[in-house]
Each structure stands twice: as C-alpha cells, then as structure tokens.
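Me: Morning! Could you put the model up, so that we can go through it together?

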Amino acid sequence: MTTRIAVITAGITEPSSTRLLADRLAEATVRALGGPSAASVDVIDVRDIAHDVTNHVLTGFASPELQERLDLVAEADALIVSSPIYTASYSGLFKMLIDVLPKDSLRDKPVLLGATGGTARHSLAIDHALRPLFAYLGALVSPVAVFAASEDWGSTEAGRLGERIERAGGAFARLLTGAPAPKQVDPFENVTPFEALLADVTGAA
Amino acid sequence: MPLSRLSGIRVLLVRTGMRQGGSAFDKLNRQQSRDLGHDMQFGIFTVGDVTTDPTTGHTPTEQERIKATVAIAQKAEEVGLDVFATGEHHNPPFAAPGNPPVLLAHLAAVTKRLILSTSTTLITTNDPVRLAEDYAYLQHLADGRVDLMMGRGNTGPVYPWFGKDIREGIPLAIENYALLHRLWREDNVDWQGRFRTPLQGFTSTPRPLDGVPPFVWHGSIRSPEIAEQAAYYGDGFFSNHIFWPASHTRQMVALYRRRFEHYGHGSADQAIVGLGGQAFIRPNSQDAIREFRPYFDKAPVYGHGPSLEEFMRQTPLLVGSPQQVIEATLGYREYVGDYQRQLWLMDHAGLPLKTVLEQLDILGSEVVPVLRKEFAALKPARVPDAPTHQSLVAAAGGSRDATVYTDADDVTGASPEESRAARATTPEGSLR
C-alpha cells in the first residue's frame, strides 16, 4: 500500500529554504519507507493559495483551488509541515492555513515538524510553538523534528543538517509503519576505528 | 359551591375536534383561489440588516429600515411574488423583529395573498410554548397565509442572553421542535425535557387554524442533524444557498431527500425543498455589475474578501441581466432536483429602498413569470406542489374548528389553591 504524504510549506521566497527543508524531509521519509513505490508526496505551498486562505477566513468557505489542497491534507496518511519562524513563532500564513483545515482532519494523523529561521537561537520554536499547536489538533507528532537555521545550510558544525533530516525521516517512517527502532550500537562491541575519529576531526579521507 | 370553583376540572373536559358550521376553509378557498395550483412559490427573504449605503454614506434609522421592510413586503405582493420571509434578530446591526409575528401580523393586515414566513425563527433560544401560541395566533389573523422556517442562529452571545448555550444548539433545536410539534397537534400536552419547565395538561391557544398547524421548513447550512430532523417529520427543508458554495446545498438536500424517503413520507423526489438565492438585476449585465460592486465590496458578509467575480463563480450570487438570472436559477434543479420554493435576498448590504423596489419590479415582471412557466413545464406530476394552508387543510380531510372550549379558567374563577381544594372534595375531581 502506498503511503500518501501531504507536505505543507509556508516559505515565502523563491527559492525558499523552508521549501527545501520540506522537500528533504519528504525525501528522507520516502527513502525510509522503501522508496518512491512505497509513498506518494503532494506539496501544498501556502504562498500559492495565500489569498484564498484569507478569503476562507473572511467568508467561511474554500475556493475550489484551496479545497483541493485541504482535501489532500485531510485524506493523507501522513503530514509533513515546514514553516519559517517569524517573531518567535510559526508564520501567520501558516497558522491561517492550519485554522481553515476541516475540523478534526489532523486527529490521529502522524505529523513531522520542520521549521527554518535566521538563527539557531529560534530552534526551540518547534517545541514551544509548533508542537503545542499540533498537540491541540490531536495529531500524532513525531518526536524527532528538524530546525534549520541559515548557517546550517552552509556548515557541518551545527550537527550536520543532512543527518538530522535523515534521522527525522527515519523516525517518522517508523512511526508510520510501526517498525521497531534500530538496535542501539554498543560502543564497546563496535568500536569506531581511530582512523575514522581522526578523519572526522581533520576532514581527511 | 359556585360553578366557577370547578373551573380547574372543566378545563380538562374539553371538546376536541368539534365541528362548527360555515367552514372557514370554504371562505379561504374563495378568497385565495389564486394561491392554489402554484407549482412553485417565489418570493423574497430578508435579514433586516441596517447597513450604510457605501455609495452615499447614508445609514437608515431603525424606523426607516423597519418601514422599508413593510414597503418591500407590500411591493413583493404587488409584483406577483408569493412569499415574504423575515429574519429574527436580537442584536444590532439588524432591525429584524425579535419576534417575527409582530411584523408578520402587520403585514397580514396590509396584504391580501402574500404568504408570510420567517428566515428564520430561532428554535433554539425561543420558548416553544411562545412559538406555538404566537404563530397560531398569526395564522388566524392572516387566514392561514403563514408558514415558518426554523433555524438555530449562529451568533454566540444571543444564546446566553436567553439563558441558553450555543454548544447545545442542536439538542435545543431537536427538543424545542419536538415540543412545538406536539403543542400544535395535541390539545393537552404533558411534557418534560431538559431545557424548559415541564408541562402538565397544557393547552396551547389559540389552536391552529382549521386544526392544521402552519407548514414548517427547517433551515441549515451544513448540519446534517437538521436535514435529518426535517426528513423525520416530513417537513420542508430550506437551504439558504447564499454566501456559501452550492456544494453545501447539494449535500444537504441529497441527505434530506434520502432520509425523507427512509421515514416513509414519499419518494425522495417528493420531499419539499426550498432554496435561497441572491440576485441583483439590470437589463444590461454590465450595468448590474457596475452598480452592485460597491455594495458587494463593503458588504458585512463577504466584503473586503474575494472579488465579486470570484464570489459569483464560487457561490450562487447572481449579478446580471434577467436572462442570466433565469438561466442560473433554472440550473439549480440540476443539483437539488425539482423543488417547491425559491426565495431571493434582495434588500441587504445597504441597497437603498428605491433600488430594492426597482429590483422587485424586474424580478416580478421579467424573471419570475418565465421561471414559473419553465419550472412548471419541467416538473413531473408526481412531484408535489408547494404546500399552502389550503393544500394542508385538504390533505387533512377538510377544515375543522379546533377551538378548545372551556367554561372558565383559574384566572376568572377561584384561585388555583381553591380550585385544587375543590377538586379534592368533589366527585368530579376524582375523575382525574
């Protein structure tokens, strides 16, 4: 059975690092689920429907273009969200889209959280803003989320963004499939060879 | 012991179903024969909003708005429409009556054949006993030219003003209507529920005219429970069909029709359906759009949101020529089936009275006559006509005097305490 993944991305610029994070989270999840034959991905870019979302808030109903996207979210088996952090929280447009989702459409739905920001000092916005929002909506929020600060895109020092994305995608896929977590590596049984430790430090091959 | 002391007993020895000479129905039948044989009813409904005219800055006073409403209803009759329905409101910016029978009783006196209705009567915050009494009284004054549409109302603060809770909206609508339905059909009602004082041996007066309660429509935009309620009782279902996409209407009407058949009132296509609509009409469609746009752009419901063009595409709002309005309206039956009543909202968003009256002239002279003919030609014979008091009386087997005759009551007789004492000490009292 194909897992239907909906992705909500609320980046505004083109290209957008928020969209890039969303795409990479989706790729990592699909990979962990077993590749493109195991999952399909539909991306909802809030920018495309910003006016329709505003109109929905004002009039109480969705335009056909917006309705199509709301249906994608409601019918998906899993949801990945990615929002920029503005003034210490998710963006207003992102919240407006969440506000017009049909009632209970996220209840019991597995959700993977992602957020971007100008500085790593906003990284807890995932836990103090996004996580309570999705807890309120009754979603099954994956414990492993990814915050990508500007510097993460050009550096390996902030914990290797690529690895964090892979780990988040893997954990999310296990949440979706119910697969057990991989065995913990015993550092006394499987010791890291010293050449590898040296290469990590010096960057040598 | 004087007879009056026994009044508490006599109230219960009522003569029900008593026939009196000179049928009121015969008289009505002669007076209002024009109403018979209308396949479909056309009319207008209003919410009584007091809105500033964005083109002049003029805001009508409450009295201007109220008198305009009367003029609009009279005009509706003059141009040949069948129905006028008023909203019920308890808060500004509305000048619709808090109790619609106040307005409708006046309209009954200044019109001859217009059916007077509501859009809507709040079944949630009103005491069903008062509804039973007031609408039955109105029925008598208006010689049967009355029906009503039940709605829940969607303004949060209104509920607590009447001691109710909006979160109980559906249970209130269900319980209150169950009581209202009985009060109109049973002379003596014993009743207990969650939301009001229990009743013992209660007779709602006056009894419905000719023993036939007013026809009831149930209005709802998206609550399946209300479509289910209408179907259960075999009442009409009205979809407001404005401000929201037609998909809501399609879904609700389909549910109502399916359940109407389930409850054995007839086949699905025989269910009684009414639709709202909203139109602004000028001979030339470009003129209609140019004139209506400033009202649309500032309107309380949709103003400052989607463009007029988007809103026309996404909802049943019609702004255009008579021919465009005719074609679009005929198209409604493609998604609701053959239906019985079409009402339009014509007087909102600050449109001045003069414009509204012109609109009614166009509606009555160029749109409705064509729709009457076209809809009648399309409707299969098995689909019932729109219900009227006369058709309901005929279906009930003819008119009857439903008056509950009693000798006296506790007010003109003894005190309730004395009546109870008398009851306990007389042989008749033991009959209870």
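**Walking through the model**

Me: Where does A:Phe194 lie?
Reply: A:Phe194 is part of helix 7 of chain A, residues 194–202; helices are DSSP runs of H or I with at least four residues, strands are E runs of at least two, and both are numbered from the N terminus. This is a predicted model: local features need pLDDT of at least 70 and side-chain atom pairs 80 or more, while totals for chains, interfaces and linings use all residues. Residues are numbered from 1 along each chain as written, chains are lettered from A and ligands numbered from 1 in the order written, and side-chain values use heavy atoms, without hydrogens or water.

Me: Is A:Phe194 buried or exposed?
Reply: Exposed, because its relative accessible area is 58% (over 50% is exposed, under 20% buried, in between partly exposed; 1.4 Å probe, protein chains only).

Me: OK, and A:Thr59, buried or exposed?
Reply: A:Thr59 counts as buried because its relative accessibility is 9%. This threonine sits in helix 2 of chain A, residues 50–59.

Me: What is A:Thr59 in contact with?
Reply: Leaving aside neighbours within four places in sequence, A:Thr59 has contacts with B:Phe243, B:Trp244, B:Tyr302, B:Pro306 and B:Phe311 (heavy atoms within 4.5 Å).

Me: Changing topic: how is chain B put together?
Reply: Chain B has 16 helices and 13 strands. Of its 432 residues, 53% count as buried. Among its contacts with a separation of 6 or more, 74% join residues 24 or more positions apart.

Me: What does B:Pro97 touch?
Reply: Beyond residues up to four places away, B:Pro97 touches B:Thr86, B:Gly87, B:Glu88, B:His89 and B:Leu103. B:Pro97 lies in the loop between strand 2 (83–86) and helix 4 (100–110) of chain B, and it counts as buried because its relative accessibility is 15%. B:Ile66 is 31 residues away in sequence, with 8.8 Å between the two C-alpha atoms.

Me: Now charges. How many salt bridges are there over all chains?
Reply: There are 31, counting a side-chain nitrogen of Lys or Arg within 4 Å of a carboxyl oxygen of Asp or Glu.

Me: Which partner does B:Glu228 have?
Reply: B:Arg259, with the closest N and O atoms 2.7 Å apart. That pair links distant parts of the chain, 31 residues apart: B:Glu228 is in helix 8 (residues 224–233) of chain B and B:Arg259 in helix 9 (residues 246–262) of chain B.

Me: What about A:Arg19?
Reply: A:Arg19 forms a salt bridge with A:Asp23, at 3.0 Å from N to O. Both lie in helix 1 (residues 17–33) of chain A, 4 residues apart, about one turn of the helix.

Me: And which residues form a network of salt bridges?
Reply: B:Arg282, B:Glu291, B:Lys354 and B:Glu358 are linked that way. Within it, B:Glu291 and B:Arg282 bring their closest N and O atoms to 2.7 Å. B:Arg282 counts as buried at 12% relative accessibility, whereas B:Glu291 is partly exposed at 28%.
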